[in-house]
Amino acid sequence: MHLAGATVAETARAVGISYPTVRQWCKIQPEPKQHGTASRCFRCRSDVKNPTEPGQYAYLLGLYLGDGHLVTSARVPVLRISCADAWPGLIDACEVAMKCVLAASVQRVQMQGCVSVQSYGKHWPCLLPQHGPGKKHERPIILADWQRRLVEPHAGDFVRGLFHSDGARFANRVTVRGKEYVYPRYMFTNESTDIMGLCQWALDLLDIAWKMNRRNSLSVARGTAVAAPDRHVGPKS
Ligand SMILES: [Zn+2]
């Protein structure tokens with residue numbers, strides 16, 4: 001409202017918030033538009049007033065490492081995460097995370113069987129420094145110290161992102177003494193040993209037991225371990 005021409009007093013009255021508070025907020029002027037995102041990059045600006053929610057960052061990082069691409073060859077870098085049509089809740093969650101972290105706007109591009117959720121932003125490479133040429137499993141994927149510090153207290157969100165992007169939660173049926181038991185099972189499949197290592201690291205932080213089924217496939221299953229990822233990951237919806 002203030003940027004649109006209302007005085008601080010008019011704005012304060014309209015939103016029902018005290019004059020000094022609104023005056024303080026109005027001092028924070030957005031930077032001239034640089035693809036709409038410059039003022040939000042917490043790597044470029046330490047004084048950013050609307051910092052990224054760390055949980056949303058951790059979630060987005062998980063989605064990106066699991067099945068995202070950051071194209072930096074275009075004039076403006078574009079972050080793309082493909083979300084299966086079967087999980088509309090995931091598409092929304094992905095869009096929310098992009099917007100919380102950096103995106104001014106998010107596009108959904110319908111592809112065969114999935115929606116590519118994408119956002120253009122000059123500063124995506126600052127926030128996702130794991131970008132590089134070629135496939136993720138053909139280059140080292142190492143979190144920067146600042147990323148590690150950011151993700152550690154939000155390991156659950158990070159794991160949720162990884163599992164949502166690339167994992168599958170399905171019922172495992174087991175018959176014990178003629179009675180059938182069904183329990184959920186989480187799997188994460190990724191060709192990158194480094195990304196698999198990050199998944200293991202985060203699960204360890206959460207005290208969730210895991211095991212490797214194959215070189216490129218991890219699962220969390222059985223007993224108490226299942227309750228924990230249900231809390232952190234939840235079924236895809
Ligand atoms: Zn930046």
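## Lining of the largest pocket

In this predicted model, the lining of the largest pocket comprises nine polar, six charged and four nonpolar residues. The pocket has a volume of about 320 Å³ and is lined by 19 residues. Gly68, His69, Lys135, Lys136 and His137 lie nearest its centre.

Helix 3 (54-67) and strand 1 (68-71) are the elements that give two or more residues to this lining. The largest contribution, four residues, comes from helix 3.

## Strand 4 and its partners

Strand 4 (residues 114-120) is mostly covered, with six of its seven residues buried. Strand 2 (residues 78-84) runs antiparallel to strand 4 and is joined to it by seven bridges. Within this pairing, isoleucine 81 stands opposite valine 117 of strand 4.

Strand 3 (residues 107-111) also pairs with strand 4 in the antiparallel sense, over five bridges. Here glutamine 110 stands opposite valine 115 of strand 4. The hairpin of strand 3 and strand 4 has two residues between the strands, and glycine 113 in this hairpin takes a positive phi near 75°.

## Glutamate 138

Glutamate 138 is found in the loop between helix 5 (124-127) and helix 6 (145-151). Its relative accessible area is 57%, and the residue is therefore classed as exposed, the cut-off for that class being over 50%.

Glutamate 138 and glutamate 191 are 53 residues apart in sequence. In space, their C-alpha atoms are 8.9 Å apart.

How values were computed. Residues are numbered from 1 along each chain as its sequence is written. This is a predicted model: local features need pLDDT of at least 70, side-chain atom pairs count only at pLDDT 80 or more; totals for chains, interfaces and linings use all residues. Side-chain values use heavy atoms; hydrogens and water are left out. Buried means under 20% relative accessible area, exposed over 50%, partly exposed in between (1.4 Å probe, protein chains only). Two strands pair if DSSP finds at least two bridges between them. On a 1 Å grid over the protein atoms alone, a cavity is a set of points where a 1.4 Å probe fits but cannot get out, and a pocket is an open set with protein on both sides within 12 Å along at least five of seven lines; lining residues have an atom within 4 Å of a point. Grid points are joined across faces, edges and corners, and a volume is the space filled by probe spheres set on the points. Ala, Val, Leu, Ile, Met, Phe, Trp, Tyr, Cys and Pro count as nonpolar, Asp, Glu, Lys and Arg as charged, and the others, Gly among them, as polar.
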